[in-house]
Amino acid sequence: MSDAIEARTPTRKRSSASPAKSAGPLPSPGAVHADFSDAELLDLYRALLWPRLIEEKMLRLLRQNKLSKWFSGIGQEAIAVGVAKALQEDDYILPMHRNLGVFTTRGLDLKTLFRQLLGKDGGFTSGRDRTFHFGTLQHHIVGMISHLGAMLPVADGLALAMQLRDEPRVAATFTGDGSTSEGDFHEAVNLAAVWKLPVLFVIENNQYGLSTPVSEQYACRDLADRGVGYGMPGIVCDGNDLLAVLRTVRDAAARGRRGDGPTLLEFKTFRMRGHEEASGTAYVPDALFEEWAKRDPVLRFEQVLDQRQLLPADERQTLRRTIKDEIDRLVDEVIAEADPVSTAERELADVYAAPPAVERPEPGPARELRYIDAISDGLREAMRTHPPVVLIGQDIAEYGGVFKVTDGFVQEFGKERVRNTPIIESGAIGAALGLALEGFRPMVEMQFGDFITCGFNQIVNNLAKTRYRWGAAVPVVVRVPSGGGTGAGPFHSQNVEAWFTHVAGLKVVAPATPADAKGLLLAAFDDGNPVIYLEHKFLYRSAKGDVPSGYYTVPIGEARIARAGRDATIVTYGVGVPWALDAASTLAAEGHEIEVIDLRSLLPWDVDRVLTSVRRTSRALVLHEAPSTGGFGGEIAATIGREAFEWLDAPVSRLGALDMPIPFSKALEEIFSPKARLLSALRELLAY
Ligand SMILES: Cc1ncc(C[n+]2csc(CCOP(=O)(O)OP(=O)(O)O)c2C)c(N)n1
């Protein structure tokens, strides 16, 4: 029959071992289908055929070199189709690489879909990302990034948005069996259970993660067994039986809509082709293919049709022919279209969302605040002004955060908006992304900036790239208590800016004064893009200054002259600013006037203000607390060296910490820190 799985990758040595699980006895075909009308069955059959026939076309295109890559979902279609059919249109689905059936069943425009698959302009990413790596909020689909597991916490955020709005909707997020070992899986499942979120975790257990069989992926009997450990039902379902999938998903969705929380669904299925078409299947025993071919979901569904005497063989052929013709016609039209044409300007313009034009009342009179109190003040203002601001972090609710920035917030704003998380970073940032997609303005507090490493992927790959890839803005503020000077050792003292200033799509700010701490925080909430907000721990209680009351913002990307001078310019940020001001005072007594520029924003940074200053003073020293090599100062020094070369009387000087971890002992930290070397570096610069 034409549904038969096409010949698998041709040249392969057969594996005799059978480390994947056998399918077990074949259930009697379509034993229970009385609860479906004839019309429903026919509609489901058509829904099952579309992804199968599109995929057969894609495999042909691949062989003809007209398509670069394909991850086959042949044999697994009942899961994608079943999930999409069982849910309501406004429920979210987060599909993975084998889930073409989600897109066809949700009724996406096929021509746009084919443009996407073929990397053409007019696809969902217009050639910016491949295959199913896109979302379409109109269809309530949030697509994957390559990093496995990364979308699971995003589903939590989407579900949280629904829960906060009291809407009876759910989010279904797909994962392969292999990806259930990723940390994001555990963080997301646990968070959903703790917060009772309406999430369906859909595991497609197709027996292999690339070449590695399930016996080498996990040690429990069924992945669904993990449900009990997280505190949610874990259900095993035959993933090749469309009707069983439908019933199972409907039940789990009803549970979510009732407010009873998430469900872990494990659908047993089999990957009938290679991981992707180039990688072969030599490691899969023949017997497994033969066994699972008998359980092919289309074949199984046709047996149901037979039992109900629906759609005789010739009509099935006609239906297939009609669908195939339509696919051929649309694909041919798309193939004839030109490849994407763009310009550097157009591409760059789409990396960031344009800042929304917001009218804010004039800020009120200033009062003296400590840096840390200015952060709290800004955060409170954001909470009062923007109802969708939701705070997420460890110990931030009743406890008020380890630095007490959110002290008293639960009393004023309630626990729904000031949310303790379990000890997770990646999961929290991923959830924030989901909330942002649904119109919220989440802030995630890292307990210490150093722990941001555990959320790195969500920031640099998910938050940063979503806007460019498929156009969705993700306004998430990540607050990062950073920096040293407190004798806190290698894991509670780092300056992490250089890890993020390298990532287009993020904004990075680093206030040095209480006024800027408040102003940049509120600007971050207004911005509409992901912002990494670096708050310096040493400044928390040491920096004091006047801070305007009310809604006060400082534009992101504008540096300030912290002290005017004519003999040299120090370009710095964060704790470097008070160091530079001290050094400038000392040198003033010796007759040197040093200009100090406080960058305030690192991405983007104020190139003009820096160049204007350096062209006037002719000498520049770039200073930061982080180690020198690969530090952000290198970026500034390179720009000054190139753009102000003719004005310089001395080579640009760079001063950072020694290239070593930050030691615990204060005596050792002084050796590490550039602070004590600043005056001599400045004198050297002036004497050159
Ligand atoms: C974080 C991460 N590690 C590794 C990979 C490479 N990779 C892509 S798909 C895949 C196998 C995934 O297996 P599974 O989750 O079972 O899904 P399946 O492909 O079988 O549908 C691997 C290892 C990746 N994309 N992301």
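**Entry: helices 15 and 16.** I began with helix 15 (residues 426-437) and helix 16 (residues 456-470), whose axes come within 9 Å and cross at roughly 20°. Because of that angle, helix 15 is roughly parallel to helix 16 (under 35 degrees counts as roughly parallel, over 145 as roughly antiparallel, 65 to 115 as roughly perpendicular and the rest as oblique). I note that axes are lines fitted to C-alpha atoms, for helices over the stretch in contact, with angles from 0 to 180 degrees between N-to-C directions. Helices (H or I, at least four residues) and strands (E, at least two) are DSSP runs numbered from the N terminus.

Who makes the contact (heavy atoms within 4.5 Å)? From helix 15 I find S426, I429, G430, L433 and L437, and from helix 16 Q458, I459, N462, L463, T466 and W470. I sorted the residues of this contact into six nonpolar, five polar and no charged. Here Ala, Val, Leu, Ile, Met, Phe, Trp, Tyr, Cys and Pro count as nonpolar, Asp, Glu, Lys and Arg as charged, and the others, Gly among them, as polar.

**Entry: ground rules.** I am reading a predicted model, where local features need pLDDT of at least 70, side-chain atom pairs count only at pLDDT 80 or more, and totals for chains, interfaces and linings use all residues. Residues are numbered from 1 along each chain as its sequence is written, and side-chain values use heavy atoms, leaving out hydrogens and water.

**Entry: helices 1 and 11.** Next I took helix 1 (residues 38-63) and helix 11 (residues 313-335): their axes come within 10 Å and cross at roughly 45°. That angle makes helix 1 oblique to helix 11. The contact includes Y45, W50 and L61 of helix 1, and R316, I323 and I335 of helix 11. By class I have twelve nonpolar, no polar and nine charged residues in the contact of helix 1 with helix 11.

- A polar side-chain atom of H97 sits 2.8 Å from a ligand oxygen atom.
- A polar backbone atom of S146 is 2.9 Å from a ligand nitrogen atom.
- An N or O atom in the side chain of D177 is 3.3 Å from a ligand oxygen atom.

Entry: I found a cis peptide bond between L603 and P604, with omega about 0°. P604 is in the loop between strand 19 (601-603) and helix 21 (607-617). L210, a residue other than glycine, has a positive phi near 55°. I place L210 in the loop between strand 4 (208-209) and strand 5 (212-213).

Technical notes: Contact = heavy atoms within 4.5 Å. Polar contact = N/O pair within 3.5 Å; in protein donor to acceptor, adjacent residues only side chain to side chain.
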